[in-house]
Every structure is written in C-alpha cells, then in structure tokens.
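Have the coordinates open and follow along.

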Amino acid sequence: MKVALAFLAPALVALLALRLIPAAIAVGSSLRHTSLVTGETSFVGLGNYVTLFDDPTFLQSVKVTLVFSLIVNPLQIAVALALAVLYTQKFAGVRSLRSLVILPIAVPPAVSAAIWSVAYRPDGMLNAVLHVLGIPQQPFLTSPQQALWCLIVLLSWIGVGYWMMFLIAGMQDIPRELYEAAGIDGASAWAKFWHVTLPLLRRPLAFVLVADTVSNFLVFAPVQMLTNGGPQGSTNVTMFDIFTRAYSVGDLNLAQAEVMLLVLVVLAVVIVQFRLLRAKD
Amino acid sequence: MLRRTLAALVGLAFALPLLWALSSSLRGTGNLGNSLIPADPTLANYLALLTGGFGRAIANSLLVALATVLIGLAISAAAAFGLSAIRFKGQAVVFGLVVLSFLIPFDAIAIPLATLFRDWNLQNTYAGLILPGLGHGLAIFLLRQFFLAIPAELVEAARIDGLGWFGVFARLYLPLSRPALVSAGLTLFIFQWQAYVWPLLIGTDTAHQLGPIALANMRGQFTIDYGQLFAGSVVLTVIPLAIILRFQRQFTQSIATTGLK
C-alpha cells in the first residue's frame with residue numbers, strides 16, 4: 001500500500017492540482033458574483049446560471065454550437081466511414097493514397113486556421129479554383145451564411161483522417177471468414193457492409209462519435225483566428241463565448257458558470273458512450 | 001477502376017492545402033500566387049523566420065514538448081505501475097480519479113487553472129507551460145493497459161531474486177514496455193505541440209512564446225507576410241509529421257488501443 005502510493009504520489013498531485021482542483025474552483029466561482037463597482041465578492045447561488053439563460057449572446061452561442069455540432073459530427077463520421085471503406089479495398093497504390101488523407105492530422109489547429117485563412121481570401125486558392133470552374137467569387141469568412149461552413153471544412157480537413165484511422169483499425173479486427181461466408185451466401189458488397197462491417201464496427205464507431213463530439217465542443221483556435229465569433233455572431237461557439245466573457249467582458253464568475261455547463265454536457269456525452277458500449281457486451 | 005480514381009481524387013484533395021502551403025512558402029516575398037509550382041523557388045522565407053522571433057518560438061515549443069514527454073512519462077509510468085503491478089485496497093477509487101481527470105477536457109478548465117497559475121506566479125515561465133501537460137490521465141491509462149498484460153509470475157520471480165519494487169519497475173517493466181512508452185510519449189508530445197488555448201492564456205511575453213501563438217500573431221499585424229506565414233505553417237507541421245512517421249507503428253497501435261478497449 002505504502003509502496004504503491006509512493007509510485008502514485010507524483011501523478012496524484014499533478015492530477016489534483018492541474019485538473020480536479022481547478023474544476024472544483026470553477027464550481028465555487030460559478031456560484032459567486034464580483035461587483036464591478038465595489039470589487040466585493042458575494043455568494044449568489046445559481047444566480048449566474050439564471051443570468052446566462054437570460055443573456056441573448058449566450059443563447060445565440062448555444063444555438064450556434066448546437067447547429068455546428070449537428071452538422072460537423074455526423075458529416076465527419078460519415079465521411080470518415082466512407083473513406084475507411086474506400087481505403088481498405090485492395091488495389092494498387094491504396095496505402096499511399098490513404099496516407100495522403102492521414103497527412104493533415106499532423107497539422108496543429110492554429111496552423112490549419114492560418115493556411116485556410118489565406119485560402120478563403122477573395123484572392124485566395126479557393127476562389128481561384130472556383131474561377132477555373134466558372135463559379136463566381138464567394139465571400140466565405142465575411143458571410144454570416146458561409147462562415148460556419150468554412151470552419152467545418154477546415155476542421156474536417158484535419159479531423160476526418162484521424163477518425164478514419166480508428167475505423168480502419170476496427171475494420172482490420174473483423175475476421176475475414178465472416179466476409180467469405182457472406183460471399184458464399186451470395187451477399188452483395190452493400191449487404192456485406194450493412195450486415196457484417198457496420199454491426200462489428202459498433203464499438204469503434206461509438207468511441208469515434210463521442211470523442212469527435214467532445215473535441216468539436218472544444219473548438220477554439222480557428223474561431224479566434226478567423227472569425228472572432230462573427231460575422232453577426234454566426235460562429236460564436238461555446239469555447240469562444242466563454243473566452244470573450246472571461247477576458248473581453250471581464251466577468252470571470254459568469255464565464256466559470258459557462259465552463260461548468262460545458263463540462264456537464266461533455267460528461268453527459270461520455271456517460272452516454274459508456275452506456276452504449278456496456279449495453280450489448 | 002472507378003474506386004481507384006475516386007481514392008486518388010480524394011487523396012489529392014486532402015493533400016492540396018499542404019502542397020499549396022509548401023509551394024507558397026518557397027515563393028519570393030510579396031507575391032501571393034495560386035499556382036502550385038513557384039517560378040523561382042527560394043528559401044528566403046525560412047531564413048527570415050529563423051532570424052526573426054519565430055525561431056525562438058519553435059525552440060520554445062520543442063523545449064516544452066520534450067520536457068513534457070520526459071517528465072510526463074516518468075510520472076505516468078510510475079503511476080501506471082502503482083495501479084497494476086501492486087495490489088492494494090482503494091485501488092479502484094484511485095483509478096476512478098485518474099479516469100475522471102481525463103474525462104474533464106483540459107481546454108474547458110484552462111480558465112480556472114490560469115487564474116490559479118497567476119496566483120502562483122507561473123505566468124511567463126517555462127514551468128507554467130510544461131506543468132499542465134504532466135497531469136495526463138490518458139497517458140496513465142494507456143500505460144496501465146499495457147502493464148496489466150505483464151505476467152504476475154515474472155514479478156514474483158524478480159522479487160524472489162531480491163529485486164525491490166523500484167527495481168521491478170525500472171529493470172523489468174520499463175524495458176518490456178517500450179511500445180507503450182512510445183505511444184504514451186506521442187500522446188504527450190502532440191498534446192503540447194498542438195496546444196493553443198493554454199499558451200494563449202498563460203505565456204504572453206515574447207521570450208516564452210510558443211510556435212502556434214507566434215504564427216497566429218503573424219496574422220495580427222497590419223501587413224501579413226504570406227511567405228513567412230506559410231513557411232511557419234510548414235515548419236510547425238513537418239516536425240510532428242516526422243515524429244509520427246518515425247513511430248508510425250506505435251501511433252497506429254495506440255489508436256487501436258484507445259478506440260477498442
């Protein structure tokens with residue numbers, strides 16, 4: 001017992017001081033209010049949470065985050081799954097073509113934002129491609145209708161290959177004989193995918209769904225670098241809203257309340273995953 | 001050969017932004033063109049980066065990431081050992097704490113932690129940048145999974161031979177666990193290399209600036225030097241790419257372990 005604790009002590013100190021205590025501080029701080037006039041801090045209970053749900057900026061940010069999540073997660077997973085199927089087929093050059101899709105996972109989010117910020121310019125690469133195809137110039141980041149989609153594209157560029165790797169790892173665990181048996185029964189390629197691949201991919205798919213959802217709740221760098229939440233609040237996702245509330249508006253207590261809501265949503269998503277995975281095992 | 005054409009087109013689409021960034025980084029100053037092959041390729045942008053503040057930022061990023069890997073691995077491996085080789089009462093509670101700590105996303109608690117770090121006078125220090133990478137529950141989890149597969153008889157035999165617990169850890173577990181150490185190390189490296197929210201909140205003076213922040217600041221100026229912006233993007237991508245390629249097998253393996261177990 002003493003020996004085990006000696007081995008565990010450095011990690012426990014680190015986890016407590018760097019993860020759990022700040023989380024506890026956020027809980028406490030979210031229940032307080034610091035007056036801007038007197039600088040005095042008082043206990044307000046759930047007051048900050050009530051204030052948040054009356055705040056149109058917060059409500060707009062929840063709406064944007066919801067729309068963003070409902071588009072980006074299914075999109076990334078569907079594309080990752082389709083590409084996992086495509087790049088596990090057997091034909092010449094498949095491995096090197098697959099690595100081209102995986103290549104962008106080495107790109108840090110800030111770098112992806114820097115590259116795409118130039119690509120989305122009126123005289124950037126994308127408009128040049130559109131011009132060749134005979135499509136008129138697009139506003140991209142300056143349009144309230146297109147800005148969120150621009151973020152979705154740059155995040156999918158670095159995300160799809162990553163999630164595809166998890167699905168390919170899962171597919172390689174499926175026994176060959178199952179496909180051979182299905183082939184003898186005369187199953188079409190589509191039937192094999194639907195009745196063999198998909199059911200046996202349940203675990204990795206559930207993991208990817210949750211991990212992708214969580215990581216997309218935490219998107220920050222591209223928003224801060226490309227759109228600053230705009231135009232007209234159309235890209236003001238939760239993490240950016242928290243950041244502006246804490247450092248531009250300067251209400252740290254209100255920001256901590258929003259942090260708590262985000263943590264609760266993330267934990268709920270993860271618990272649903274555990275339920276999904278336990279359900280059939 | 002429909003699927004081969006499709007696979008080639010998709011692959012090309014994914015590689016295109018990087019190719020474009022690479023070719024733009026080799027262009028002379030001032031011209032932002034869209035052709036993929038620059039007329040007179042030059043390394044001028046890279047040289048200008050090195051002599052400017054960006055070289056310092058890359059060195060800072062490397063220092064922070066490597067220190068995190070070394071110290072973080074030592075801490076995580078010891079903890080994983082305490083959670084697998086030795087049995088004790090309350091182990092499940094401690095393990096639950098580890099799992100809980102990595103279920104709380106780090107970026108979400110960065111703001112309360114930054115307030116704490118300012119109280120501890122850690123702003124503008126390397127320690128302030130390195131520390132958050134050390135409490136990494138996922139690294140402990142990955143190593144523990146691997147350690148659990150080491151047979152208990154081996155430990156008993158070593159104990160009978162007179163090896164202490166530290167000896168078992170350092171001379172038996174660590175040498176056997178190279179692949180797991182590499183994949184946990186990669187996790188720690190990538191965590192620090194890609195960090196943006198935390199260095200933005202804590203490290204603000206130029207002496208301690210990290211690569212991604214320096215890159216983002218290049219865009220904040222009135223005139224943007226696109227050649228240098230792309231050269232910086234290429235440098236910040238090539239370094240982790242080289243490391244991932246070098247340890248490709250372990251990287252794929254760690255993906256399979258996290259996703260399936």
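Q: Which residues touch the most other members of the largest nonpolar core?
A: A nonpolar core is a set of buried Ala, Val, Leu, Ile, Met, Phe, Trp, Tyr and Cys residues joined through C-beta atoms within 7 Å. A residue is buried if 20 or more other C-beta atoms, placed from the backbone, lie within 10 Å of its own, exposed if 12 or fewer, and partly exposed in between. In this predicted model, local features need pLDDT of at least 70 and side-chain atom pairs 80 or more, while totals for chains, interfaces and linings use all residues. Among the 157 residues of the core, those touching the most other members are A:Met164, A:Leu167 and B:Leu143.

Q: Which helix gives the largest share of this core?
A: Helices are DSSP runs (H or I, at least four residues), numbered from the N terminus. Residues count from 1 along each chain as written, and chains are lettered from A and ligands numbered from 1 in written order. With 17 residues, the largest share comes from chain A's helix α7 (residues 147–172).

Q: How many residues of chain A that touch chain B are charged?
A: Contact means C-beta atoms, placed from the backbone, within 7 Å, and each chain gives 68 residues. On the chain A side, 58 are nonpolar (Ala, Val, Leu, Ile, Met, Phe, Trp, Tyr, Cys and Pro) and 6 polar (the others, Gly among them). The charged ones (Asp, Glu, Lys and Arg) number 4.

Q: Is A:His195 buried, exposed or partly exposed?
A: A:His195 sits in helix α9 (residues 189–200) of chain A. Because A:His195 has 14 C-beta neighbours inside 10 Å, it is partly exposed.

How values were computed
Helix = DSSP H or I, 4+ residues; strand = E, 2+ residues; numbered from the N terminus. Contact = placed C-beta atoms within 7 Å.
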